[in-house]
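Subject: Handover of a structure and notes on its contents

Dear colleague,

Please find below the structure that I am passing on to you.

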Amino acid sequence: MSKTPTPTLATATDEPIKISFQKLGEKAEGVVVALAGPDLSFGAHAAEWIAPIQATLAKAAAADRFKAKAGGSLDLLAPALPGVDRLIVVGVGDGKEPVDWVKLGGQIRGAIPISAEEATVLLDVADGSLGADQAADIALGIRLRSYVFETYKTKKKDDATPAQLSKVTLALTDEGAAKKAWKLKVGLAEGVEEARTLVNEPPNILTPKEFARRAAELEKLGVEIEILGEKELKKAGFGALLAVGQGSEQESQVVVMRWNGAKSKDEQPVAFIGKGVVFDTGGISIKPGAGMEDMKGDMAGAACVVGLMHALASRKAKANVIGAIGCVENMPDGKSYRPGDILTGLSGQTIEVINTDAEGRLVLADVLWYVQDKYKPKFMIDLATLTGAILVALGTTHAGLFSNDDELSENIAKAGKATGETVWRMPLGAEYDKLIDSKFADMKQTGGRHGGSITAAQFLKRHVNGTPWAHLDIAGTGMSSPANEINKSWGSGWGVRLLDRLVRDAYEG
Ligand code: BES
Ligand code: MN
Ligand code: ZN
């Protein structure tokens, strides 16, 4: 037997960065960050603190053409301030555009050099716009930017490695309120980190059973967990989902997570459903080899649902929420399902298999049906790395949104704008639906190359019985993510912040 790394818990591998708060005016030494508005303006406290080096700072800013543009930074080594090794000035922009404080947090984190172990940030801007909520958002951005996935690097801790930033202190007038606001957001940070880690984990470690085990850790936060293994799934009739996992040595699993935060346990829940294909070879319709390793991220939808449940339970969201994930591995084997097979899914409808690489919709079809039938939710939103076609259409900046409900769509779009996890609505309609009519069964599983993301969504829609529903195709946003201000990781944890916001703004109370 070859040695395999020991699986770790579902949080970031290194200790998360420590964030603390102090009052403005308390001692700030070592590496200090200050925020600047136009013309190098500061809040009153910060301005007074900087006053002794104002002339030097102005000269440095001119030399570096620093204009306090949002996110831009100026680095002043060994300034003549007592105990200060480095003053980093980060721009907040000219106030014409609203500040994205989470993004700014990421930019602050990015401006702190790798040699620093600790830093203090003076949260004091000229127009006084920075309160407790903004401070908590900055803390969130700092923390998300700091996330690294290094579980399987065995050689990271040698002496040559630069120090890692382990602590950031945020200084502001009302540090007590900021502390409270951050306490309500830590769970959101953890939820995003958890989703990222699940996506980053290799497929030999994150099997469907291991996925279920990690989801079950939410029990510690008061989330009720139900796990259905193959025996239960067969008995219940998950014929489409089970077909996908049929060629794998790994047992398929469906996990239902339940958070009861509403006044009454009987209040109608909202529901989130995730595609959890832990590895997608394509099956018998096997994928080409190049880049196939990326298909370990084909469970980003399910990872988001787990991260979201973590976030909601941590802040004791006042809503009843169901999270359900279908975890399977899609492998070629003598026992695999094949093109031409006709499956009977949980809905009782029959499905003609065209391409075993269109597995995600089969998994989701059964889980969607199960959730709406059993829990009668107010709405359901599914997330899935469903189609390569959505990458062609929207690239990596918007997820595709498909829905049978305008109000739900609007609410998702709003939460998307608020969090920067943006969506773009795509069409559904009878003409597209026709494309998945089958000669041999109630429907075909695919509708050809053209409009591939849409026909995939039409297939899902045939497994929704009128419940308000939205489908987010996150193939472009959930994995293999380009680095940005708040994420340097391959798995982005996309959707956790969006859906936490959606629940908070539109469905809690
Ligand atoms: N998991 C893939 C979609 C995908 C592609 C996710 C690229 C992330 C990046 C999905 O299961 C798939 O293979 N879809 C096929 C569907 C086709 C066979 C109808 C596709 O998009 O090519
Ligand atoms: Mn596939
Ligand atoms: Zn897939």
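This is a predicted model: local features need pLDDT of at least 70, side-chain atom pairs count only at pLDDT 80 or more; totals for chains, interfaces and linings use all residues.

Residues are numbered from 1 along each chain as its sequence is written, chains are lettered from A and ligands numbered from 1 in the order in which they are written, and side-chain values use heavy atoms, with hydrogens and water left out.

The zinc ion (ligand 3) is coordinated by Lys-275 (NZ), Asp-280 (OD), Asp-298 (OD) and Glu-359 (OE), at 1.9 to 2.5 Å. Donors here are N, O and S atoms within 2.8 Å of the metal (3.2 Å for Na, K and Ca); water is not among the atoms, so sites may look incomplete. Around the zinc ion (ligand 3), the six donor atoms subtend angles of 78 to 175 degrees, which makes the arrangement octahedral. Four donors count as tetrahedral if all angles lie between 85 and 135 degrees; four count as square planar and six as octahedral if opposite donors are over 155 degrees apart and all others between 65 and 115; anything else is irregular. Along the chain, the donors of the zinc ion (ligand 3) have the spacing K-x4-D-x17-D-x60-E. Distant parts of the chain are linked by the pair Lys-275, in strand β9 (residues 270–280), and Asp-298, in the loop between β9 and α10 (300–314), which are 23 residues apart. Helices (H or I, at least four residues) and strands (E, at least two) are DSSP runs, numbered from the N terminus. Lys-275 and Asp-298 are both buried; buried means under 20% relative accessible area, exposed over 50%, and partly exposed in between (1.4 Å probe, protein chains only).

The manganese ion (ligand 2) is coordinated by Asp-280 (OD), Asp-357 (O), Asp-357 (OD) and Glu-359 (OE), at 2.1 to 2.2 Å. Its six donor atoms subtend angles of 74 to 168 degrees, which makes the arrangement irregular. The manganese ion (ligand 2) and the zinc ion (ligand 3) lie 3.2 Å apart and are bridged by Asp-280. Asp-280 lies in strand β9 and Asp-357 in the loop between β12 (350–352) and α11 (360–375), so this pair ties together parts that are 77 residues apart in sequence. Asp-280 is buried, with a relative accessible area of 3%, whereas Asp-357 is partly exposed, at 22%.

**The largest pocket**

The largest pocket holds about 960 Å³ of space. On a 1 Å grid over the protein atoms alone, a pocket is an open set of points with protein on both sides within 12 Å along at least five of seven lines, and lining residues have an atom within 4 Å of a point. There are 40 lining residues, of which Lys-287, Leu-386, Thr-387, Gly-388 and Ala-389 lie nearest the centre of the pocket. The elements β9, α12 (389–394) and α15 (452–461) each give two or more residues to this lining.

The expected span of a helix is 1.5 Å times one less than its number of residues. Of the 16 residues of α11, 14 are buried. Lys-376, which follows α11, has a positive phi, near 45 degrees.

Helix α10 has 15 residues and reaches 21 Å from its first C-alpha to its last, close to the 21 Å expected. It is largely enclosed by the rest of the structure, because 14 of its 15 residues are buried. Lys-316 follows α10 and has a positive phi, near 50 degrees.

**Individual residues**

Most residues other than glycine have a negative phi. Ala-68, although not a glycine, has a positive phi of about 60 degrees. Ala-68 is in the loop between α2 (54–63) and β3 (73–77) and counts as buried at 2% relative accessibility. Ala-78 also has a positive phi, of about 45 degrees. Ala-78 lies in the loop between β3 and β4 (84–91) and counts as exposed at 62% relative accessibility.

Finally, Asn-411 is found in helix α13 (residues 406–419). The C-alpha atoms of Asn-411 and Ala-506 are separated by 6.9 Å, although these residues are 95 residues apart along the chain.

Yours sincerely

How values were computed
On a 1 Å grid over the protein atoms alone, a cavity is a set of points where a 1.4 Å probe fits but cannot get out, and a pocket is an open set with protein on both sides within 12 Å along at least five of seven lines; lining residues have an atom within 4 Å of a point. Grid points are joined across faces, edges and corners, and a volume is the space filled by probe spheres set on the points.
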